[in-house]
Amino acid sequence: IRDERFYFVHSYAAQEWTLEVHDPFPQPKITWARHGGRFIAAVENGPLTATQFHPEKSGDAGIRLLKNWLETL
């Protein structure tokens, strides 16, 4: 969901991706954000989806993100 704002509650953030991925596993999809510096906002790797923000507290954008994710299950 491009150009939307999401609710981050703390200042902790992964600022680099160092995990080496080997076959048969696919490279994960990584979403980056910027606020005082670049950091990882979300990671998707097959059935695993993880965010560093709170979709449930992110208003309409969060609801849309959760709805999109549920449709992939």
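Two strands count as paired if DSSP finds at least two bridges between them. I also note that helices (H or I, at least four residues) and strands (E, at least two) are DSSP runs, numbered from the N terminus.

**Ground rules.** This is a predicted model, where local features need pLDDT of at least 70, side-chain atom pairs count only at pLDDT 80 or more, and totals for chains, interfaces and linings use all residues. Residues are numbered from 1 along each chain as its sequence is written, and side-chain values use heavy atoms, with hydrogens and water left out.

**Entry: the hairpin.** I looked up E2 (residues 38-45) and E3 (residues 48-51), and they pair in the antiparallel sense over four bridges. Glu44 has Thr49 in E3 as its bridge partner. Two residues sit between the strands of this hairpin, and Gly46 has a positive phi near 60° there.

**Entry: salt bridges.** My rule was a side-chain nitrogen of Lys or Arg within 4 Å of a carboxyl oxygen of Asp or Glu. That gave me two salt bridges. One joins Glu4 and Arg64, at 3.2 Å from N to O. Glu4 lies in the segment before strand E1 (29-34) and Arg64 in helix H1, so this pair ties together parts 60 residues apart in sequence. For exposure I used relative accessible area: buried is under 20%, exposed over 50%, and partly exposed in between (1.4 Å probe, protein chains only). Glu4 is partly exposed at 34%, and Arg64 is partly exposed at 37%.

Lys67 and Glu71 form a salt bridge too, with their closest N and O atoms 2.9 Å apart. They are four residues apart in helix H1, which means about one helical turn separates them. Lys67 is partly exposed at 47%, while Glu71 counts as exposed at 55%.

Entry: Trp69 is found in helix H1 (residues 59-71), and its relative accessibility of 34% makes it partly exposed.
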